[in-house]
Amino acid sequence: MPRPPIDLSRKIKDILGHVEPLPPESAVPIRHYDRTANDIWKSLAYVERAFEKGNRYPTVVDRHLGRLYGMALVQLIEAFERFLKEVAAACVDRLATIIGDDRFGLFTIKGSALASHFGAATLGKSLCESATWLDCEEVNKRFRKLLSDPFQEDGKFWLFPSPYKNHPPADQQSRYEPMGVIWQLRHTAVHNVGVITRSDAVKLRLLAREPVSGDVLLAPTWDDLRHLRRFLDETATVCNERVGKRLADLLTLLHDQTPGLFVPQEMADRLAADFRLTVVVAGATGVPPPD
Amino acid sequence: MPDVPNWPHYELPSTELAAWVDQQPDMWWMVDGDPLLTGRLSFPCPSDELAADLRELNRPLLIRAKSPDATGQPVGRDKIDSLASQFYENIHTDGREHPPWASDRLLDLWWKDRPGGWLLAEDSAEATRAKAEWAEVRAARPPAAR
């Protein structure tokens, strides 16, 4: 039987209609991240158990699972990238109407892409969603500027403080090097379908500061994923707390300079809801609402 | 008004479930189908993290009963063992030996104030991995720090 004639152009467009509503957790970046990472993990655990149960061909199972582990690795890293964007967007949304310096100037939207941004839900999403957040230096630059004191050229907040430049806080410097490796692993998995090219190997060797082979296929194990997941989970929790507290401090400073800018209690409550943290803004304590 | 399960059930405070979880300090846990807990914790997770969150949430759960007469009567931690199922009750292996995780227990649960049921399951495989990793960590420490 020959292949049936199908309007594939139509079928490709049909994919856009096969969607699900966002979960309620998507309104809170850290909750959205946790929910997504857990969903990825449950799917993987389900498939692994199903394979284990009917395991007649171990080599075949290992090959298929290896492919799935590679996909899960990318999804976990991209869930973390999305978390960074959503946290940055929350910062923009709290600051946009109360500060007039050039801190938002580092987000650029091309004129040709401007029309699509009118559909974005908030200014923060509009500014933060389209860019990639896949590099420690770039992420640092954006958060540093976004959370700098008013009318300061450079801020002092490093989301991923570098041990080589001795950025504060020292107790978070240990995340810098593995984050660099994680971004590069994602690049390898997404752009080269898991092939560590020779040029990837050179970058990875510089990032990891140890030998890395080139012209090989990345084959992550279950334990690799467990450790990646835990590292990203813990990093997301720390980032959420540090950004939330820094934003509260910045808002306090703005309120001290211009007390009529906003009502401290309202702002503290908004921040507590956005970050699911107890925060203090200009003496007012915001408590996270119940889930 | 949230919908309610169409299966027989008891009412169980989440703090009582926390106390039951505490009785297995070395176990790890997996949750499937509950956006509330999966938006708050990283699963699989150890008993102490799950118990702490169940205490913080402090709200009533509905737990599937084996008796058809159950209509929401309150129960506590002592009843939970008798309400747990095990994975092997639901898997078919064509006569081959069950995998090790088939003995893990699971509970059918439902937040009384939220729609939808979910599963809480033991994850003995993850508990075994964590135990092995703890052994590695302890072995790597200098003798005075162990």
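This is a predicted model: local features need pLDDT of at least 70, side-chain atom pairs count only at pLDDT 80 or more; totals for chains, interfaces and linings use all residues.
Colouring by secondary structure then places Glu122(B) in strand S8 of chain B, which covers residues 117–122. Is Glu122(B) buried or exposed? Its relative accessibility is 5%, and because the limit for a buried residue is under 20%, Glu122(B) counts as buried.

**Strands of chain B**

Next, select residues 9–13 of chain B, which make up strand S1, and residues 60–64 of chain B, which make up strand S4. These two strands pair in the antiparallel sense, over five bridges. To follow one of the pairings, centre the view on Tyr10(B), whose bridge partner in S4(B) is Ile63(B).

For an example, select Glu11(B); its bridge partner in S5(B) is Pro74(B).

**Helix H1 of chain B**

Now select residues 14–22 of chain B, which form helix H1. How many of the nine residues of this helix are buried? Seven are, and the helix is mostly covered. The buried residues of H1(B) are Ser14(B), Glu16(B), Leu17(B), Ala18(B), Ala19(B), Trp20(B) and Val21(B).

**Where chain A meets chain B**

Show both chains and turn to the contact between them, to which chain A contributes 21 residues and chain B contributes 30 residues. About 2100 Å² of area is buried between chain A and chain B, with carbon and sulfur atoms giving 41% of it.

Zoom in on Arg226(A) and Glu126(B), which form a salt bridge in which the closest N and O atoms are 2.9 Å apart. Across the interface of chain A and chain B there are six salt bridges. The interface also holds 12 residue pairs in polar contact, counting pairs with both residues at pLDDT 80 or more.

Finally, select helix H2 (29–53) and helix H9 (222–257) of chain A, each of which supplies at least two residues of the side of chain A that touches chain B. Which element gives the most to that side? H2(A) does, with 10 residues. Colour the side of chain A that touches chain B by residue class: two residues are nonpolar, four are polar and 15 are charged.

Terms used: Residues are numbered from 1 along each chain as its sequence is written. Chains are lettered from A and ligands numbered from 1 in the order in which they are written. Side-chain values use heavy atoms; hydrogens and water are left out. Contact means heavy atoms within 4.5 Å. Buried area is the accessible area (1.4 Å probe) that two parts lose on being put together, summed over both. A salt bridge is a side-chain nitrogen of Lys or Arg within 4 Å of a carboxyl oxygen of Asp or Glu. A polar contact is a pair of N or O atoms within 3.5 Å; within protein, one must be able to donate a hydrogen and the other to accept it, and residues adjacent in sequence count only if both atoms are side-chain atoms. Helices (H or I, at least four residues) and strands (E, at least two) are DSSP runs, numbered from the N terminus. Ala, Val, Leu, Ile, Met, Phe, Trp, Tyr, Cys and Pro count as nonpolar, Asp, Glu, Lys and Arg as charged, and the others, Gly among them, as polar. Buried means under 20% relative accessible area, exposed over 50%, partly exposed in between (1.4 Å probe, protein chains only). Two strands pair if DSSP finds at least two bridges between them.
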